[in-house]
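Welcome! Here is a short briefing to read alongside the structure. Please take a look at the chain before going on.

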Amino acid sequence: MMHRRHWLLGATLAVALAAPALAFTPEKVKQALDAQLSRLVENNTTPGVVALILHEGRPIYRGAAGRRDPAAAGRRDPAAAEPIGDAQLFRLASMTKVVTAAAAMILVDDGKLRLDDPVSKYLPEFANLQVLQADGTRVPAKRPPTVQELLTHQAGFSYNFLKTPGIAEAYAQAGVTDGLAYVDIGSQQARAALAQAPLAYQPGEGWQYSLATDVLGWVIEAASGQTLDAFIAARIAQPLKLANYGFRFAEARRNEVVVPTTPVDGGGLRVPAAGNERLKYPGEDRYAIGDRDRIFSATAYPSGGGGSSGTIGDYARILQMLANGGELDGVRILKPESVALMTRNHTGDRPTLRGPGWGHGFGVGVVTDQAAAKTGLPTGSWGWGGIWGTQFWVDPENKVVGVVMTQTALIGSGPITASVREAFYSAK
């Protein structure tokens, strides 16, 4: 049985989008997005989805469909059977990256970090990196990657789940973790493993989505003297009054956390087992290792690239702060010029993960050509997603912030949440 509920804040549905480029009303937005969320659940694409759209900081759509726990039928636990909602906690995975990037830029604003600093200034184990050649041999890196190359994924690192030939085998041999599982691995062990593995290319000479943001998190720790989670709590979460954003939540809050699912080849969804679980890409011989309970672990390191969780509302406040040029509710987190630097394309015409029409900024993809990207997002918009099944976008032209959250791993951050995004831009 499918459950759905919607939240309206004040008279938000009476407020029309002011931007003439969009030219549609909240009533049309509600109709289109209600229908799309329902379709996703009714077609068993995902068991639950929530969406929040802001215009000039005010909600113009807030909706949800489905359950928090897809296996709740017949169980006596009332919390398990409740509808999915915007007060629940979602694993954000790579949507952590833009928050880590913002934390780094706070240190840049403070004068404690420079974008052209070599990583080895803060992490000496990365001073003598090797680069894997096409013939399988290794040569010394010409230089260590810089902080800016970490921010833009041009440092030479990779991810296990990308299965880059040669690099995947080297990562497995070194014991490199993607920051989504293996809760017994701490920061020091994770750093040492990655530092002994080869780079995929010379720093600055390519682009590959990667563990660079985890390395950036360790740089932030060295430069600030705090753990990454403590620094983000002190400089972002607490000033923005985010009670439900962080890297670790108490076991007592388990019933607030959305239960994840992952597709099964041949159709259907399943709930991953506890512990290190293979989350497979449908139809591919490729997978990521994720631990659904890493959110509760007291030993897992705070992964700058994928370790945070939170509610849709708290995460939207971070985005709105960035959309406002670094300020929210009278509290300034970043300089406007720092946000502008974060949210512009730094990768030229190099191919990036989202394909044609997209470049990459600091922790975000940037639309460089709307037609080539085949999206309703105007050129200059920016956003990203998370492997557990979430996505956000910021549209400066129309002053829109959008967030869509599921917990359907691997495909949720792409076709599922993107369908909601595009339904919004088609609601005319």
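How many residues lie between strand 2 and strand 3 in their hairpin? There are 2 residues between them, and glutamate 56 in this turn has a positive phi of about 50 degrees. Please keep in mind that this is a predicted model, where local features need pLDDT of at least 70, side-chain atom pairs count only at pLDDT 80 or more, and totals for chains, interfaces and linings use all residues. Residues are numbered from 1 along each chain as its sequence is written, and side-chain values use heavy atoms, with hydrogens and water left out.

**The whole chain**

- The chain's secondary structure amounts to 12 helices and 19 strands; these are DSSP runs numbered from the N terminus, with H or I and at least four residues for helices, and E and at least two for strands.
- The radius of gyration is 21 Å, close to the 22 Å from the globule rule for 428 residues, so the chain is as compact as a globular protein of that length. The radius is taken over C-alpha atoms, and the rule is 2.2 Å times the number of residues to the power 0.38.
- Along the principal axes, the C-alpha atoms fill a box of roughly 60 × 45 × 40 Å.
- Of the 428 residues, 60% count as buried (buried is under 20% relative accessible area, exposed over 50%, partly exposed in between, with a 1.4 Å probe and protein chains only).
- Among contacts (heavy atoms within 4.5 Å) between residues at least 6 apart in sequence, 66% join residues at least 24 apart.

- Strand 2 runs antiparallel to strand 3 (residues 58–66), joined by 8 bridges; strands pair if DSSP finds at least two bridges between them. Isoleucine 53 has tyrosine 61 of strand 3 as its bridge partner.
- Strand 19 (residues 400–405) is also antiparallel to strand 2, with 6 bridges. Here alanine 51 stands opposite valine 404.

- Most residues other than glycine have a negative phi.
- Glutamate 56, in the loop between strand 2 and strand 3, is partly exposed because its relative accessibility is 37%.
- Alanine 93 also has a positive phi, of about 50 degrees, although it is not a glycine. Alanine 93 sits in the loop between strand 4 (90–91) and helix 3 (96–110), and it is buried, with a relative accessible area of 1%.
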